[in-house]
Amino acid sequence: MSKECSKCKKNPSIYLRQYSGEFLCKKCFLKSVEYKAKRTISKYSMIKHGDTVAVAVSGGKDSLVLLNVLKNTLFSQNPELVAITVDEGIKGYRDESLDIVRNFCSSIGVENRVMSFSELFGLSMDKAMEVRPSEKISSCSICGTFRRRALDLLAESCGANVIATGHNLDDYIQTFLINLFAGDVERIGWTYPEPVEYGVTNLRKIKPLMEIYEREIVLYAIHNNIPFQSEECPYKDESIRSAFRGHLNNLEKIHPGIKYNAYSSILKIAKKVKSANVPSTSNVNEGVQQERRRCTICNRDSSNRICSVCRTLDLLVKET
Ligand code: SF4
Ligand code: ZN
């Protein structure tokens with residue numbers, strides 16, 4: 001027999017939240033995830049009255065859960081929520097997730113807009129991988145650079161001023177460790193969750209799930225019958241991120257709550273580093289305030305004379 005829920009003291013529990021020792025029934029568990037996301041949004045003033053929020057939805061669990069949470073909580077009655085999806089052009093992988101997103105959005109009554117790398121940049125990820133001049137230019141760095149731009153353009157095309165992404169607590173700690181081990185201290189400051197406006201349309205990027213464990217996001221998706229793509233991208237780098245993910249999960253098994261403690265410490269470090277940063281060296285895509293400059297090719301915000309999208313395109317197009 002399962003234990004009774006520690007919150008409602010009524011229903012049988014389906015989950016033991018190891019780090020707090022709580023047993024939770026399905027209803028209380030789902031509510032607790034939504035509550036945590038709402039608390040993060042309000043703590044960092046992520047969404048303000050009148051904002052139109054574009055949720056970057058890939059078809060993976062995090063982004064679909066984020067869309068569902070926002071629809072169930074802050075946006076149950078109003079239409080200022082839209083799902084934006086980038087089609088990178090990865091045959092056999094992206095097609096399935098596009099269907100998942102389209103069907104899920106129509107089931108919850110949210111508009112879904114899609115833009116492809118081919119229509120925006122003239123080449124798909126499959127093509128980019130074929131023509132990249134060296135393996136030193138990693139698949140995920142090409143894809144990430146293009147995807148950030150595509151999301152900005154998609155959000156602008158919907159009249160949205162906020163882009164919400166599904167990064168979770170595990171992602172946040174891994175990113176910190178990657179920056180730490182790369183010696184990139186300044187970037188640690190950029191991860192502090194205070195949204196900053198950038199671009200001509202004053203976009204803000206927010207991460208409402210950043211205080212929720214990845215494991216709980218999977219569980220939320222399963223108990224809400226949210227279908228998600230679990231197949232991995234064929235171009236995924238076996239990056240240091242996967243190694244940190246494994247180590248952190250092992251540590252959490254032995255010391256429940258260690259990820260949460262790490263998260264709290266990282267926030268304090270990020271805040272200190274951010275306040276000590278020199279603004280003009282910061283990066284547009286992280287949404288950090290800086291002296292505004294424009295790319296001399298595409299005329300979008302850039303911290304250099306030529307932006308990273310135009311530089312990457314130049315490298316790839318030369319080879320086609
Ligand atoms: Fe793009 Fe890398 Fe993600 Fe594949 S794994 S979709 S290449 S960022
Ligand atoms: Zn440019």
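Is Phe146 buried or exposed? Phe146 is buried, with a relative accessible area of 1%. Here buried means under 20% relative accessible area, exposed over 50%, and partly exposed in between (1.4 Å probe, protein chains only). The notes below go through this residue and others.

1. Basis of the note. This is a predicted model, in which local features need pLDDT of at least 70 and side-chain atom pairs count only at pLDDT 80 or more, while totals for chains, interfaces and linings use all residues. Residues are numbered from 1 along each chain as its sequence is written, chains are lettered from A and ligands numbered from 1 in the order in which they are written, and side-chain values use heavy atoms, with hydrogens and water left out.

2. The ring pair of Phe146. A search of the whole structure finds 10 aromatic pairs. In one of them, the ring centres of Phe121 and Phe146 are 4.5 Å apart and the planes stand at 20°, so the pair is stacked. Rings of Phe, Tyr and Trp (its six-membered ring) pair if their centres lie within 6.5 Å; planes under 30 degrees apart count as stacked, over 60 as edge-to-face and the rest as tilted. Phe121 lies in helix H4 (residues 117–121) and Phe146 in helix H6 (residues 139–157), so the pair ties together parts that are 25 residues apart in sequence. Helices (H or I, at least four residues) and strands (E, at least two) are DSSP runs, numbered from the N terminus. Phe121 is buried, at 11% relative accessibility.

3. A tilted pair. The rings of Phe181 and Phe244 have centres 5.3 Å apart and planes at 50°, so this pair is tilted. Phe181 belongs to helix H7 (residues 169–181) and Phe244 to helix H10, so parts 63 residues apart in sequence are tied together. Phe181 counts as exposed at 58% relative accessibility, whereas Phe244 is buried with a relative accessible area of 11%.

4. A tyrosine cluster. Ring pairs also link Tyr19, Tyr172, Tyr213, Tyr260 and Tyr263 into a cluster.

5. How many salt bridges does the count come to? The count is 21, where a salt bridge is a side-chain nitrogen of Lys or Arg within 4 Å of a carboxyl oxygen of Asp or Glu. Glu22 forms one with Lys7, and their closest N and O atoms are 3.2 Å apart. Glu22 lies in strand E2 (residues 22–24) and Lys7 in the segment before strand E1 (15–17), so the pair ties together parts that are 15 residues apart in sequence. Lys7 is partly exposed, with a relative accessible area of 47%.

6. Arg245 and Glu214 meet through their side chains in a salt bridge of 3.7 Å, N to O. This pair links distant parts of the chain, with Arg245 in helix H10 (residues 240–254) and Glu214 in helix H9 (residues 214–223), 31 residues apart. Arg245 is partly exposed at 23% relative accessible area, while Glu214 is buried at 15%. Another salt bridge joins Glu232 and Lys236, with the closest N and O atoms 3.4 Å apart. Lys236 is partly exposed at 33% relative accessibility. Salt bridges that share partners join Lys7, Arg17, Glu22 and Glu216 into one network.

7. The surroundings of ligand 1. Which residues surround ligand 1? They are Cys140, Cys143, Arg147, Cys233, Tyr235 and Lys236, where a residue is near a molecule if one of its heavy atoms lies within 4 Å of it. This shell divides into 4 nonpolar, no polar and 2 charged residues. Ala, Val, Leu, Ile, Met, Phe, Trp, Tyr, Cys and Pro count as nonpolar, Asp, Glu, Lys and Arg as charged, and the others, Gly among them, as polar.

8. Thr40. This residue is found in helix H1 (residues 26–43). Thr40 is buried, with a relative accessible area of 0%. A polar atom of the Thr40 side chain lies 2.9 Å from the backbone oxygen of Lys36. Leaving aside neighbours within four places in sequence, Thr40 is in contact (heavy atoms within 4.5 Å) with Met46, Lys207, Pro208, Met210 and Glu211.

9. Positive phi values. Lys9 is a residue other than glycine with a positive phi, near 55°. Lys9 is placed in the segment before E1 and counts as exposed at 53% relative accessibility. Ser45, also not a glycine, has a positive phi of about 45°. Ser45 is found in the loop between H1 and strand E3 (53–56) and is partly exposed, with a relative accessible area of 41%.

Methods: Polar contact = N/O pair within 3.5 Å; in protein donor to acceptor, adjacent residues only side chain to side chain.
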